[in-house]
There are 2 protein chains.
Amino acid sequence: MKVLILGGDGYLGWPTAMDFAAAGHDVTVADNYMRRIIAEETDSEALLPTPTLTQRAAKFKEVSGHDIHVRIGDLADPEVMMSVVAEAAPDTIIHYAEQPSAPYSMRGFKEARSTFKNNLDVTFNLIWAMIEHAPKAHMVKLGTMGEYGTPNIDIEEGWIDIEHKGRTGKFLFPRAAGSLYHTTKVLDTDLLWFYVRIYGLKVTDLMQGPVYGLSTDQADLDPALVPNFHYDDIFGTVVNRFLVQAVAGIPLTVYGGGGQTRGYLNLRDTLQCVMLAAQNPAGEGELKIFNQLTETFSVNQIADKVQSVGNQKGLNVEVKSIPNPRKEMEEHYYNPTHSGLIEMGLKPHYMTDDVVSDMLDRIIDAKDRIIENRIMPRVKWK
Amino acid sequence: MKVLILGGDGYLGWPTAMDFAAAGHDVTVADNYMRRIIAEETDSEALLPTPTLTQRAAKFKEVSGHDIHVRIGDLADPEVMMSVVAEAAPDTIIHYAEQPSAPYSMRGFKEARSTFKNNLDVTFNLIWAMIEHAPKAHMVKLGTMGEYGTPNIDIEEGWIDIEHKGRTGKFLFPRAAGSLYHTTKVLDTDLLWFYVRIYGLKVTDLMQGPVYGLSTDQADLDPALVPNFHYDDIFGTVVNRFLVQAVAGIPLTVYGGGGQTRGYLNLRDTLQCVMLAAQNPAGEGELKIFNQLTETFSVNQIADKVQSVGNQKGLNVEVKSIPNPRKEMEEHYYNPTHSGLIEMGLKPHYMTDDVVSDMLDRIIDAKDRIIENRIMPRVKWK
């Protein structure tokens, strides 16, 4: 495959790029370093040093022999997007190029606006770059399980058959997200579904749950290849944050009641899912949607798991509830279907004690780098 | 009420401004003349001359004694929006400020992008101008029935109760629009629903069908006050277009089979509906949605009606099917609920023979101004 990865500098983008290159595909990555800039602005840099994309691509070439082509530019600028797509001439485009922090998107007008404009403009520009330069390419778009919110009915994979007053129809599963970031992905879905229907584009939308982990086959080849692992309140997802708190000797901060339940997956499974999606493209005018998670946990269950494994290692982990900075239900029904990717061949890496223990070991090695004051929530939902 | 009308130069915006001012409210209108500029670019000017907003406001003051404050500026610029909302200090904001042409939005990348960016940026800026300068104000947003598309089930008013695998939930009624313009309004709805839920804004979203007519109590006071009546393929809605074709002696051009069914309403009823919505505001954190139409017709039924009334006036009206430039179903189920506005007090003006006859008379008076080559479709859906 000729693969173009937009947002190739990200927590998922970079490991994905290495994974596709290692599998023998021709890989180009593009990024504007927006996340790095926000991380600097908000004092939220990753735990481990992450060299620039160009430097990482050079190191990866050195240790693996595989090329990754790098383009630095702002994909929210249509001219940049058009030229990147035209030059890469991809058959597969993986779209991660969005501002991914929910708290950042809820910080104020400036941050909301930059999230809104970046995420929507990049998706819009990509659609048109495909129409004009790659109409037969397949887009693999990273959506989020957060698009659905926490409805009182089972969450199907993207679509739902509705029976109403004796008639039936098939519709996008209703969405109601809990942050502006997640809402931009709802808008992406609506926009993609329109252009898929009318222009015959091929799109797979992966509704992904929170990802954890910092190990992949390629990332483990050299310390310079590690994914940018965030533990701060802006970019750190809950599992990664708890692991760092356990190592730093800070109580695991459960937001509110801790009954908030989500579907999680290991970084290694994100790579599998994206590869499977790319290998099984949508047809013309088809929007395939999969729920990308392997197991569901409440926040309290994750805290218990990290505490139990941490204590076995002598870390003396405490758990503490703090006022919830978000507006969200703390007790709710949650039953998402997630069989599609399993049926395509996904072999899940579950969050076993061994997996948690390995992640803790890696963080213990970097313990001196932990900066404690970036862990507690600095952004409150209005 | 202190009323701020965004998009106050439009087919609906200007009559709405006069209607609220005549009812004794304090009215400010804002517009950037985007529609006028597009009309010039695409050779699609309105049938009758429409002076600038400033000129129309002066004429309206002269003939009615009522003031309308005018602000010309681009509301897609956040600084302009913030200053307009802060200075007007409205308790009611009526949001019409969107590029309203479906064909224009489907013309190519440039037109799609300007529609997408204008419509989404204006809505986003308005939300934040309300959060920062008018958090207690009530927004009356003009959506469109086109957001729903033509589903195989009854269209409820904005919301639907779904029973699924033995559990139930209430959701936004699923949307699937047929043009990028209509899709921007789907995205508006998603965005408004998010900010209403999380920030407690008060919003009423009016899902309006195609509007017809060129007469209102205030517009009839002076020729300079007429709404900008379009009959071209870019801005002209189907009823207005057929009326002009009947007068010009051009066969009424039915797109394809003509079974396309929509919900229509008289311009006078738009004024009633918007007034009723303003007088019955949504509560904090409430998104009220009404389907704004008074009766449904297929395109063929409208053609028959215009032909029949036209022939009674000796116009010798022909009807002719042409290849459909749009991608849409030409035969479909269509049953929208629309009882909410009636229950609030709407007294419909139906499309009677007298109403059609009066519209034809007004157009006959302007027959010399009709430019025939702007009627046939110049934009095809890909």
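Here are some questions and answers about this predicted model.

Reader: In what order do the strands of the open sheet in chain A run?
Author: The open sheet has seven strands, and their pairing is parallel. Strand S3 (69–72) and strand S12 (286–292) of chain A are the edge strands, since each pairs on one side only.

Reader: What is the bridge partner of A:Ile5 in S4(A)?
Author: Start with the two strands: S1 (residues 2–6) and S4 (residues 92–95) of chain A pair in the parallel sense. Four bridges join them. In S4(A), the partner of A:Ile5 is A:Ile94.

Reader: How many residues of helix H1 in chain A are buried?
Author: Helix H1 (residues 13–22) of chain A is mostly covered. Its cover includes S1, S2, H3, S4 and helix H9 (267–279) of chain A. Among the buried residues are A:Trp14, A:Met18 and A:Phe20. Out of ten residues in H1(A), the buried count is nine.

Reader: What kind of axis relates chain A to chain B?
Author: Chain A can be laid on chain B with an RMSD of 0.0 Å. That takes a turn of 180° and a shift of 0.0 Å along the axis. Because of that relation, the axis is two-fold.

Reader: Which residue of chain A has the C-alpha nearest the axis?
Author: The same surface serves both copies, with 100% of the contact residues of chain A recurring in chain B. In chain A, the C-alpha nearest the axis is 2.7 Å from it, and it belongs to A:Leu187.

Reader: Which residues of chain B are among those that touch the most other members of the largest nonpolar core?
Author: In soluble globular proteins, nonpolar side chains tend to be buried together. The largest nonpolar core here has 237 residues. B:Leu6 touches residues including B:Ala30, B:Leu75 and B:Ile93, not counting residues up to four places away in sequence. The chain B names among those touching the most other members are B:Leu6, B:Leu243 and B:Val306.

Definitions and conventions
Residues numbered from 1 in each chain as written. Chains lettered and ligands numbered in written order. Predicted model: local features only at pLDDT ≥ 70, side-chain atom pairs only at ≥ 80, totals over all residues. Pairing = 2+ DSSP bridges. Buried ≥ 20, exposed ≤ 12 C-beta atoms within 10 Å, placed from the backbone. Contact = placed C-beta atoms within 7 Å. Least-squares fit on C-alpha atoms with pLDDT ≥ 70 in both. Core = buried A, V, L, I, M, F, W, Y, C linked by C-beta atoms within 7 Å.
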